[in-house]
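Reader: Hello, I am new to this structure and would like a friendly walk through it. Could you show it to me, please?

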Amino acid sequence: MRFLHVITSVDRKTGGPVEALLQLGLVHQKLGHTIEVASADAPGSVHLDEMPFPVHALGPGKTSYVYCPRMAGWLEQHGPHFDAVIAHGLWQYPTNAVQAALSRKVPYFVYTHGMLDPWFNEQFLLKHIKKTFFWSAKLRKVLDEATGIIFTTEEEMERSIRSFFPFRWKGMVAPLGIAPPPAERFIPSTQSRFPELKGRRFLLFFGRIHPKKGCELLIQAFSRVAQDHPDIDLVMAGPGESSYIESMRNTIATAGLQDRVIWTGMITGDVKWELIRSADAFVLPSHQENFGIAVVESLAVHTPVLLSNKVQIWREVIRSGAGLVETDDLQGTELLLRRWLHLDDAERKRFRSRAGECFQSRFTAEQAGWTLLHEVMSILRSEMATSVVLREFSNSYTLG
């Protein structure tokens, strides 16, 4: 099959949707399918070369809506050459362009990537009002006319049902996964790259540093437990708004813990994997997370995970014994850290073993790629069969 993925940007700094596209695309490509990407990136952008698939950069997109004048025309011309189109994300122009150009011409699917979660409506009232108008004017039609709406967990789909009304979209569940990480090999160690960590245990946050991720909760909770556990540090790894990071630095400075919180900025490649491997545990007290690629990356290298119950794969983590879970507030985040820090070496070792088992049994890219392919093919075969029946009925009725 020929798949076209449509996305706002293929810059991996933008987070989970790009990583999902990459991992799924690689599996499908390995299975013999053709993968191409259309994005609102500006032609010549440096990050285009990081994609292992042809990328048609049709931007640059304009405003936060990422309006891309060339995209609809390109999709009208080239979209029919593909067997299915997968649009990533909501609320921005590229997904709307897919519906405008391809509805009833080419089967298209929409990956919501958690963007229908009611948490956003509760936290950002003004944006919710604007989104309600946009839902009525445009997005409802985009989703209702799609061949399928893809959610990564049953919980994400169930929560999304509560966000906007009315709707007639057809939901399907296809969990994400990642390829096995590169084998551990001799590279400059975490301690040589970050000498502050030499001989130290540390907890790790890795990802986009953003209020949605509960980063300030982690900073506040660490400030409360750090005096009782002088042998543990905290590493905050990832990009974020400077003003938000500065506010958390001030919290740490007030607590006198500047030397025990390390800010690395964005890290990739071997340095990223070495940092995750070396961590005592990965911590994500997020307020909303439909999946959590960084969680799965941690499990893949046997690093236990400490999560809020808003990370929607938390049940799988608990069932596997791969980590701990508490509520997404300060009390819950502090309890999460204290529970982990009170474990002895043998207990932490058991968590590490179960983390690796959890990844192998639930979250590999091969499993995710096969599941999505099966779901898409089943729907396409069903629709094709329905079309044949309707056509035969129509012919019979006309002849009769």
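Reader: Is Arg260 buried or exposed?

Author: Good place to begin, with a note on the source: this is a predicted model, where local features need pLDDT of at least 70 and side-chain atom pairs count only at pLDDT 80 or more, while totals for chains, interfaces and linings use all residues. Residues are numbered from 1 along each chain as its sequence is written, and side-chain values use heavy atoms, with hydrogens and water left out. Buried means under 20% relative accessible area, exposed means over 50%, and partly exposed lies in between (1.4 Å probe, protein chains only). Arg260 has 14% relative accessibility, so this residue counts as buried.

Reader: With which residue does Arg260 form a salt bridge?

Author: A salt bridge here is a side-chain nitrogen of Lys or Arg within 4 Å of a carboxyl oxygen of Asp or Glu. For Arg260, the closest N and O atoms of the pair are 3.5 Å apart, and the partner is Asp233.

Reader: Why does the pair of Arg260 and Asp233 tie together parts that are apart in sequence?

Author: Helices (H or I, at least four residues) and strands (E, at least two) are DSSP runs, numbered from the N terminus. Arg260 sits in the loop between α9 (242-254) and β10, whereas Asp233 belongs to strand β9, so the pair links parts separated in sequence by 27 residues.

Reader: How many salt bridges does a search of the whole structure find?

Author: Side chains of opposite charge can pair when their charged atoms come close. For the whole structure, the search gives 19 salt bridges.

Reader: Which helices hold Glu297 and Lys272?

Author: The side chains of Glu297 and Lys272 meet in a salt bridge, at 2.9 Å from N to O. The two parts tied together are 25 residues apart in sequence, because Glu297 lies in helix α11 (residues 293-300) and Lys272 in helix α10 (residues 269-278).

Reader: Which residues join Arg348 in one network of salt bridges?

Author: Arg348 forms a salt bridge with Asp345, their closest N and O atoms being 2.4 Å apart. Both lie in helix α14 (residues 345-362), three residues apart, about one turn of the helix. Through salt bridges that share partners, Arg348 is joined in one network with Arg201, Asp231, Asp280 and Asp345.

Reader: Which strands stand at the edges of the open sheet of six strands?

Author: Strands of a sheet pair through backbone hydrogen bonds, either parallel or antiparallel, and two strands count as paired if DSSP finds at least two bridges between them. In this open sheet of six strands, the order is β10-β9-β8-β11-β12-β13, with parallel pairing. Each edge strand has a single partner, so one side of each is left without a neighbour in the sheet: these are β10 (261-265) and β13 (323-326).

Reader: At what angle do helix α2 and helix α3 pack?

Author: Axes are lines fitted to C-alpha atoms, for helices over the stretch in contact (heavy atoms within 4.5 Å). Angles run from 0 to 180 degrees between N-to-C directions. Helix α2 (residues 69-78) and helix α3 (residues 93-102) have their axes 9 Å apart, and they pack at an angle of about 40 degrees.

Reader: Which residue of β5 is the bridge partner of Ile86?

Author: Strand β4 (residues 84-88) pairs with β5 in the parallel sense over four bridges. From strand β5 (residues 108-111), Tyr108 and Val110 point one way and Phe109 and Tyr111 the other way, and all are buried. The partner of Ile86 in β5 is Phe109.

Reader: Which residues does Gly171 touch, not counting residues up to four places away in sequence?

Author: Gly171 is found in strand β7 (residues 171-173). This residue counts as partly exposed because its relative accessibility is 39%. With those neighbours in sequence left out, Gly171 touches Ile149, Phe151 and Met157.
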